[in-house]
Amino acid sequence: MKSPRLIASLAAVAAVGLALAGCSQSGSNGSSSDGSDKTLTVFLSADTNIQDLWQKTLIPAFEKDNPGYTVKVDFDLHGAHDQQTVAKLTAATVQHQDPGYDLVDAGFVTQVAASGLLTPVTADQVPALSDVPAALVQAGGNGGVPYRGSSVVLAYDTKTVATPPKTLADLLAWITANPGRFTYCAPSTGGSGASFVTTVLDQNISTTDRTTLATEAAPDLESDWSTGFATLAGLNASVYQKGVYPNGNSQVLDLLSSGQISMAPVWSDQFVTGVKNGQIPSNIAYTQISDPSFTGGASYLGIPAASPRQADAEKLLSWVLSPTAQALVADSISGYPVISLDKLPASVQSTFKDADIANLRPGYFSANAADMNKAWAQKVPGK
């Protein structure tokens, strides 16, 4: 069922027609209208590590395994144009036009799935889905397919932090007691910052309302955020340089690695990868807090219902869930595999044996997360 907000979006798009369908971000679609040349385009709304995952690892391997196919990338850094992208996809669906991309990797996938803009996918088309936890598949809605997982953790400098906080309350107290030694990225620019903001807001929200905010558009519950935003605004004087919030996950890791801060929320996959390639020094460790924990979960792919290359897109999607591709995701960005571990190499099984991806604390539904980001920008920095 479409939310009123998305129904309004559909109506608006229908009115403006092809003008919105012409919106675009970086890159070009490069695909033929009938798919005869086996050229596909993957749209990415993400950080640079996910761009590298696709362009340097997954796409070359897919093209090697599937001669004759070419896969291109349309990349939107930090999802800066998500609203326009959703409008473009909506317009393409309403107008029965080619959206210009055939697979979407973005935080808004579950939102557009709920709006009927994606092709429903089952284990009949993608057999590997039968190896994915049912809860993850269900959370993807009508067309969102989980392909990797991760969680936000608390990274800290062991040279300056002997005992890291164990709970959110402990963390908030530590930030106040150690001014200038903590920061997080603006939530609209990175999921690690969004997770920290979400976690602070959640400490004042009932379990029932929290579940609703994670599963459907719920603007009527956003008033529950007022106490949490007041807490976040109150931290400004204690945040790095009295309220500097970096642009994206990577900038936070750079500050931590260079010793300019001592603690920050970071993505588990980015952290492990940074340690592996030497970008993060050995004195930086990580832990998870509780009451509540930081958020985590699956990232979703979706095939636009308006793409004329459905069969080829399903082929790419099926390959991404193969043991080969899942091992590449684990090795290259330390993403949690979503298929059964017993189908993966021993080294991957060992690394992720304690990762319970089906039970990670989810973030907010895309529409609520977008509202949260806007409210944070209005209520927190400089307050």
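**Salt bridges in a predicted model**

Seven salt bridges are counted here, a salt bridge being a side-chain nitrogen of Lys or Arg within 4 Å of a carboxyl oxygen of Asp or Glu. This is a predicted model, in which local features need pLDDT of at least 70 and side-chain atom pairs count only at pLDDT 80 or more, while totals for chains, interfaces and linings use all residues. Residues are numbered from 1 along each chain as its sequence is written, and side-chain values use heavy atoms, with hydrogens and water left out.

Trainee: Which residue forms a salt bridge with Arg309 at 2.5 Å?

Mentor: Arg309 lies in the loop between strand 7 (296-302) and helix 13 (310-320), and its partner sits 207 residues apart from it, in the loop between helix 4 (82-95) and strand 3 (103-105); helices (H or I, at least four residues) and strands (E, at least two) are DSSP runs, numbered from the N terminus. The closest N and O atoms are 2.5 Å apart, and the partner is Asp102.

Trainee: Which residues are linked with Arg309 in a network of salt bridges?

Mentor: Arg309 and Asp102 are both buried, where buried means under 20% relative accessible area, exposed over 50% and partly exposed in between (1.4 Å probe, protein chains only). The network of salt bridges links Arg309 with Asp102 and Asp98.

Trainee: Is Asp202, which meets Arg361 in a salt bridge, buried or exposed?

Mentor: The side chains of Arg361 and Asp202 meet at 2.6 Å, N to O. Arg361 has a relative accessible area of 18% and is therefore buried. At 7% relative accessibility, Asp202 also counts as buried.
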